[in-house]
Amino acid sequence: MTNSKVIALGIIVLSSLIGFDVKAQESTNIPKISGAMKNVMWKGQLYGTIHLDTIASKQHLYGLGPVEYLSGEILIFDGIAYKSTVVSATEMIVTTDYNLKAPFFVHANIEQWEEHILPDSIQSIQQLENYLDELTQSAQRPFMFKMNGVVKSATIHIVNLPKGSKVNSPEEAHKGKTNYFLKEENVDILGFFSTEHKSILTHHDTYVHLHLITADKKQMGHLDDVVFKQGTMKIYLPK
């Protein structure tokens, strides 16, 4: 084989390896799903389907879901796993821990993000959902996204099912659920968007599942209602 052929072959091999690495990196952006919300709500499958400590790569890891037996909420934000649990009607505790299991969960390793300024016209979760649906028509779906800024007001909840409870309906699953109300808080929000995972990772009437954590890391939960403060919010989509 001539030197020119060897060089050409080397270039082809190197190009294919680079292409493989890029594709491998891109594939980590694809959300990985464990369990299903409907199995928890209607079949009472409250046990963990994933142990977070078994997720191989914690680098730039993002994820959300409830704690097994609906005993709290989980948020993984850039490799740090947060757990929130109810103390009282007005108090919660937020800790960091990977020794957690979830009955349904979604996670992805996302290293690079594309920043967008959230339009001032987007004030609510429904408007956010519509905005994302329009913005990502040609993008890879489903996807995770994150947000940062100030909320004028927000309602978050933590599931807090009494120990030993049996669940056969959403109403029973939400027994003990505790709501918390926020005002003028700087927050991070992690979201999952999909048009194909209703009752799997999102409720039957929405394309999004959102968890919020305050900047001081003292409050975290599932986001139910929000009013975004105009001119403060940024939204980040996977590159």
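Strands here are DSSP runs of at least two residues, numbered from the N terminus. With that in hand, welcome to this predicted model.

**Around Thr206**
- Thr206 has a relative accessibility of 13%, and because buried means under 20%, Thr206 counts as buried.
- The side chains of Thr206 and Glu129 are joined by a polar contact of 2.6 Å.
- Beyond its neighbours within four places in sequence, Thr206 touches Glu129 and Lys198.

**The six-stranded sheet**
- Six strands make an open sheet with antiparallel pairing, in the order β1-β8-β3-β4-β5-β6.
- At the edges stand β1 (32-34) and β6 (92-96), each with a single partner strand, so one side of each has no neighbour in the sheet.
- On average, neighbouring strands of this sheet are turned by 15 degrees against each other, direction ignored.
- Four bridges pair β3 (residues 61-66) with β8 (residues 105-109) in the antiparallel sense, and Gly63 has His107 in β8 as its bridge partner.

**Aromatic rings**
- The model has five aromatic pairs.
- One of them is the edge-to-face pair of Tyr62 and Phe77, at 5.3 Å centre to centre with 75 degrees between the planes.
- Tyr62 and Phe77 are both buried.
- Tyr62 and Trp113 have ring centres 5.1 Å apart and planes at 80 degrees, so this pair is edge-to-face.
- Tyr62 lies in strand β3 and Trp113 in strand β9 (residues 113-117), so the pair ties together parts 51 residues apart in sequence.
- Phe143, Phe145, Phe193 and Tyr207 form one aromatic cluster.

Definitions and conventions. Residues numbered from 1 in each chain as written. Predicted model: local features only at pLDDT ≥ 70, side-chain atom pairs only at ≥ 80, totals over all residues. Heavy atoms only, no water. Buried < 20%, exposed > 50% of the residue type's maximum accessible area, 1.4 Å probe, protein only. Polar contact = N/O pair within 3.5 Å; in protein donor to acceptor, adjacent residues only side chain to side chain. Contact = heavy atoms within 4.5 Å. Pairing = 2+ DSSP bridges. Axes fitted to C-alpha atoms, helices over the stretch in contact; angles between N-to-C directions. Phe/Tyr/Trp six-rings, centres within 6.5 Å; stacked < 30°, edge-to-face > 60°.
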